[in-house]
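Please read them alongside the model.

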Amino acid sequence: MSPSSVVLRLHGVTRVHGEGATRVEALRGVSFAAHAGELVAVMGPSGSGKSTLLTIAGGLDQPTEGRVEVEGTDLVALPRAGRSRLRRTSIGYVFQGFNLIPALSAAENVALPLELDGTRTRAARQAALRALEEVGIVELADRFPDDMSGGQQQRVAIARAIVGERRLVLADEPTGALDSETGEEVLRLLRARCDAGAAGVLVTHESRHAAWADRVVFLRDGVVVDESGCEPVESLLETSDAR
Amino acid sequence: MSVKQALLALLEQEPMYGYQLRTEFEARTGSAWPLNVGQVYTTLTRLERDGLVEPAGADDEGHEIWRLTAAGHDEVAAWFTTPVARTQPPRDELAIKLALAVTVPGVDVGTLIQRQRSATMGALQDYTRLKRQADASTGRTDLAWSLVLDSLVFAAEAEIRWLDHCEARVRRVATESTPLIAPARFERDEQEAGR
Ligand SMILES: Nc1ncnc2c1ncn2[C@@H]1O[C@H](COP(=O)(O)OP(=O)(O)OP(=O)(O)O)[C@@H](O)[C@H]1O
Ligand SMILES: [Mg+2]
């Protein structure tokens, strides 16, 4: 695989919270890559550092040590404004709690990141409708989150994460509160997005959902302990380099 | 698995010849439980001896066709209306292996569990890939195959959940008895030593 197809790369990332007695090493020297067209699942027990890994990959949190690159841009070195911009344009983030804004309709929620980035309202709405179409709920475009089921809200959250052709989609337990059929539908959407060329990272407790990924990375106490899957295990090699 | 019952059930659909029975069986179950054609012929001979099937001539290409007798039809009906017996748990190599691993001294249980989890995860990824392909089509046989895949998926998922549970318990026991060793460091060193 050519290096240019690497969308996300973490180099020896360590994240320490607190000091002294309350010091927690949430991640310890994690190296990890996600390529275009690839869906990677991250599994591990509660507290193993999965969400920390994802927020750092998405530029929502900063590593204590190490480097994070998104499409070749070093997130850590980037000034705050540049990081925010990259977050709005290249990175889609699906949170466990959906995080939709109740006062905005589905289409407005989806269009929001584009509008924040200066896209004109009409163009942003059109892009939002295309994304809602892609997740199969374009007919709900003018509904408000409170008037939708959990599964529908989650689709809106996914549409918001993929609107504007984002190349990196990060999802933290996106199937959490959904029944197994609806959860599977969410996986189908993420998978389709990756098959269309995006890189995806999915945090999940459910092995049945992780099985949709090309690779599964196992985290234990902030360390990558193993990987399974048929795709190149490049990040495993990187881990041994970093030691 | 009962080859006998499966062949009888297929003949309930229509009379067939030996090789055709094998093809039809695999169309419904994929290659999950491959059936060799010799096994089909010996089973048919036994079923004929027991009066459950009888020869019904040959087709244009000279294949010997088999059909159900009245007793055969009754047998199929009885099979579909009786639950599969669960008299004793099937012998489970993994459960036995773990039971021995936690008792035999010097076995690296953490690594054993992780290797197994990785391998089972790989199988689960394969089943999921096949399922996505099967779901893309909608024929009746594909429904059968897709349900068989679901069964494999649920079994692999249950195995992984059980492994997670075993690991958590083993780690708890390990931290209680040797509180100075951080579990992940412990596990990783073991893994490197294994390479
Ligand atoms: N802001 C913070 N301050 C202090 N400690 C934190 C903070 N955020 C996370 N941690 C700690 O870092 C470790 C990893 O947390 P993280 O949220 O990444 O776990 P997780 O794998 O996502 O768990 P879960 O499956 O429960 O969501 C935990 O021990 C957690 O308590
Ligand atoms: Mg988390």
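1. Along its sequence, chain B runs α-β-α-α-β-β-α-α-α-α-α. That comes to 8 helices and 3 strands, where helices (H or I, at least four residues) and strands (E, at least two) are DSSP runs numbered from the N terminus.

2. On provenance: the model is predicted, so local features need pLDDT of at least 70 and side-chain atom pairs count only at pLDDT 80 or more, while totals for chains, interfaces and linings use all residues. Residues are numbered from 1 along each chain as its sequence is written, chains are lettered from A and ligands numbered from 1 in the order in which they are written, and side-chain values use heavy atoms, with hydrogens and water left out.

3. Of the 195 residues in chain B, 33% are buried (under 20% relative accessible area, with a 1.4 Å probe and protein chains only). Among contacts in chain B with a separation of 6 or more, 51% join residues 24 or more positions apart; contact means heavy atoms within 4.5 Å.

4. Helix 1 of chain B is largely enclosed by the rest of the structure, because 8 of its 11 residues are buried. Among them are Val3(B), Gln5(B) and Leu11(B). The cover over these buried residues includes strand 1 (16–17), helix 2 (18–29), helix 3 (37–49), strand 2 (53–58), strand 3 (64–68) and helix 4 of chain B.

5. How do helix 1 (residues 3–13) and helix 4 (residues 70–81) of chain B pack, and at what angle? Their axes are 9 Å apart and the angle is about 110°, with axes fitted to C-alpha atoms over the stretch in contact and angles running from 0 to 180 degrees between N-to-C directions. The two helices are therefore roughly perpendicular (65 to 115 degrees).

6. At this packing, residues of helix 1 of chain B including Leu8(B) and Glu12(B) meet residues of helix 4 of chain B including Trp79(B) and Phe80(B).

7. The largest nonpolar core has 48 residues, and those with the most contacts inside it are Val110(A), Leu132(A), Val156(A) and Met121(B). A nonpolar core is a set of buried Ala, Val, Leu, Ile, Met, Phe, Trp, Tyr and Cys residues joined through side-chain atoms within 4.5 Å. Helix 5 (residues 150–162) of chain A gives the most to this core, with 6 residues. Apart from this core lies another, of 28 residues, among them Leu8(A), Leu27(A), Ile56(A) and Leu170(A).

How values were computed: Buried < 20%, exposed > 50% of the residue type's maximum accessible area, 1.4 Å probe, protein only. Parallel < 35°, antiparallel > 145°, perpendicular 65-115°, else oblique.
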